[in-house]
Amino acid sequence: MTPETIVNDLSMFADLGTSAPQLVEASGSYIVRLVRDGVPVTVTIAGDGRVRERIEADERNHASFRSLLASPNWANLGKWADSQRTLLQERVSGDTIPVSGSIAHSQDVGGVELIDTALIPGGTGPRTQVLLIDGPAGIGKTSLIRSLAHKRAVNFRRAQRPLILHVESRGRMLQNITDLMAFSLQTLRLSVTYDQVPVLVRHGLVTLAID
């Protein structure tokens, strides 16, 4: 990560109306200072990628910048998973339609498990950037996305796979995608804002599902 990328990502989490995050380099580490939730925060990123977060007298260590963003003081993905599991548990049916398609140059047939595996970020093989699910209205595309989102939420702490932000257009134009993302986040009662979502997506913490 470059200093510019670090500042740009953390600026999405800084309080509005405060000074932009300030970055200095010292002893091979990047030190960033910002204000979050009305409190000064210092984030130190070491050369080996480990991160130390200091909020007043409290210090916390994180294995990486990615784990910092996922932690309770930032995106709080544990709460996201709990809220999503509760919201979807009554909306997800036990049966989903089989899905047939070409993924990574091979012909596979499956349902939620197939999509779940195809969307795993990283690894040695090519990373799935966009997965298109096509079909006529009523065939079960929305149900499939809900099932996947619920599965990821239920298994989040064990499997550590990216959570799904299900953006339902409901027939509206996608020019308003930021409004749709904000509505989805509000439905989950999250503190994450729509402009923070691209940062979480870029770091492999969240997958965006546009329905």
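**Around Trp74**

Guide: Let's start with Trp74: leaving aside neighbours within four places in sequence, Trp74 is in contact (heavy atoms within 4.5 Å) with Leu10, Phe13, Leu34, Arg36, Val41, Val43, Glu53, Leu68 and Leu69. Keep in mind that this is a predicted model, where local features need pLDDT of at least 70, side-chain atom pairs count only at pLDDT 80 or more, and totals for chains, interfaces and linings use all residues. Residues are numbered from 1 along each chain as its sequence is written, and side-chain values use heavy atoms, with hydrogens and water left out.

Visitor: Why does Trp74 count as buried?

Guide: Buried means under 20% relative accessible area, with exposed over 50% and partly exposed in between (1.4 Å probe, protein chains only). Trp74 has 2% relative accessibility, so Trp74 counts as buried. Phe13, at 1%, counts as buried too.

Visitor: What makes the rings of Phe13 and Trp74 a pair, and why is the pair called edge-to-face?

Guide: Rings of Phe, Tyr and Trp (its six-membered ring) pair if their centres lie within 6.5 Å; planes under 30 degrees apart count as stacked, over 60 as edge-to-face and the rest as tilted. Here the centres are 5.7 Å apart and the planes sit at 65 degrees, so the pair is edge-to-face.

Visitor: Why do you say that the pair ties together parts apart in sequence?

Guide: Phe13 is in the loop between H1 and strand S1 (22-26), while Trp74 is in the loop between H2 and H3, so the parts tied together are 61 residues apart in sequence. Helices (H or I, at least four residues) and strands (E, at least two) are DSSP runs, numbered from the N terminus.

Visitor: How do you know that Arg36 lies over the face of Trp74?

Guide: The test is NZ of Lys or CZ of Arg within 6 Å of the ring centre and within 35 degrees of the ring normal. Arg36 lies over the face of Trp74, at 5.2 Å from the ring centre.

Visitor: What makes S3 and strand S4 (residues 51-55) a pair?

Guide: Two strands pair if DSSP finds at least two bridges between them. S3 and S4 are joined by 5 bridges and run antiparallel; Val43 has Glu53 as its bridge partner in S4.

Visitor: And why do the buried residues of H7 line one face?

Guide: Those residues of H7 (177-187) are Leu180, Met181, Ser184 and Leu185. Down the axis of H7, they fall within an arc of 135 degrees, so they line one face of the helix. The arc is that of the directions from the helix axis to the C-beta atoms.
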